[in-house]
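Dear colleague,

Please find below the structure that I am handing over to you.

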Amino acid sequence: GLRILARMEARLGQQYCLMPPSWIARNKKIVKEADVIHIHNSHGAYLNLWTVSALSRIKPVIWTLHDEWAYTGHCAYTVGCDRWQTGCGKCPDLSLYPAISIDTTHTLWLRKSRSYARGKFTVTTPSLWLQRRAQQSMLATRPIKYIPNGLKPEIFYPRNRAAARQALGLPLDKHIIMFAANAGGRNPWKGYKYLVDALNKPILSRHGEVFLLGIGDTKSDSQILHDCRWDGRIENEHIMAAYYSAADVFVLPSTAENSPLTVIESLACGTPVVAFDVGGVSELIDHRKTGYIARYRDADDLAEGIHWITNLDKETYRLLSEAGTEKVYAAHSLHHTVKAYLDLYQSLRDAHENI
């Protein structure tokens, strides 16, 4: 039923306006008994535009943003457009996820803005980039806190590369380039076409030792000039950590990102990352110190980064790898993330009880 409503909304340009009304959520037993309500992405066709504010009028609410949808007229990523700062309308691309068929972006932007004005909630973001964006948006009157994503160091740590390759049946004598994404190479946000273009550049294609390892639930049909293996979706974190450790370099050619866990996990496993300068990625990677930040949507520079890392001498590569692991462990400990949220929960609950 919700899927049918979502399709109707997209055609009518009424994004998440026909979803179940807020009073249904407010009257749920689990909501009534909660001390704090923590909401993550709310644009999955299950909440309406007014739910966050409605819940915040009865309980302390934390809203963690994972993309830009909260302050745009319809899209999850603005991709260079700045109309979200002035009210949207005349949208340059209605097909951006989540897509709508009619340009009602100004109306939707106003509805969000008016809804937030009637609520009292705290916003958190996993990247400083998204925090800065939110502070420039209609959310500016809300408290906006930066709490980075955390990882489990007991799972994501450097392993012996040769042993990991043997266990996974990967070649021992190749430069393994790893790519991972939901929906694999067919997810337009993940930029697989830029990786294919980069791998087919002369700087890489003239070498026969490159091997592409793809992780994701949908294989891409794009052709590359190298050996390739697509291993599908990996649910087990220990196995995923072994894949990271088996690779020489992890490539993130995404055209829209916030603070990708794949980058954090790869660096923790000692594998340097090459990525475009997008979203909060440059907060995670120090250029030529823990990886390589390529110019946005520049396949030539992406190829340059891959070539640079795969041609480092062993000692320089070791230092690059260790620097990445140290940086991630220092800033993205799951213990610190959990503590930050528990402290926030406690302070909001105490404040609510004293009203």
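I begin with charges placed over rings. The charged end of Arg159 sits over the ring of Tyr157, at 4.1 Å from its centre. Here, a charge sits over a ring if NZ of Lys or CZ of Arg is within 6 Å of the ring centre and within 35 degrees of the ring normal. Arg288 likewise lies over the face of Trp308, 4.9 Å from the ring centre.

Please note that this is a predicted model, in which local features need pLDDT of at least 70 and side-chain atom pairs count only at pLDDT 80 or more, while totals for chains, interfaces and linings use all residues. Residues are numbered from 1 along each chain as its sequence is written, and side-chain values use heavy atoms, with hydrogens and water left out.

The structure also holds 15 aromatic pairs. Rings of Phe, Tyr and Trp (its six-membered ring) pair if their centres lie within 6.5 Å; planes under 30 degrees apart count as stacked, over 60 as edge-to-face and the rest as tilted. In one of these pairs, the ring centres of Trp63 and Tyr116 are 5.7 Å apart and the planes stand at 70°, so the pair is edge-to-face. The pair links distant parts of the chain, since Trp63 belongs to strand S2 (residues 61-64) and Tyr116 to helix H5 (residues 105-117), 53 residues apart. Helices (H or I, at least four residues) and strands (E, at least two) are DSSP runs, numbered from the N terminus. Both Trp63 and Tyr116 are buried, where buried means under 20% relative accessible area, exposed over 50%, and partly exposed in between (1.4 Å probe, protein chains only). Ring pairs join Trp63, Tyr116 and Phe121 into a cluster.

Which residues of helix H7 (residues 161-168) are buried? They are Ala164, Arg165 and Leu168. Seen down the axis of H7, the buried residues fall within an arc of 100° (taken from the directions from the helix axis to the C-beta atoms), so they line one face of the helix. On the other side of H7, Gln166 and Ala167 are exposed. The buried residues of H7 pack against strand S5 (175-180), strand S7 (227-230) and helix H10 (237-246), with contact meaning heavy atoms within 4.5 Å. Just after H7, Gly169 takes a positive phi of about 70°.

Finally, Ser333 lies in the loop between helix H14 (314-331) and helix H15 (334-353). Ser333 is buried, at a relative accessible area of 16%.

Yours sincerely
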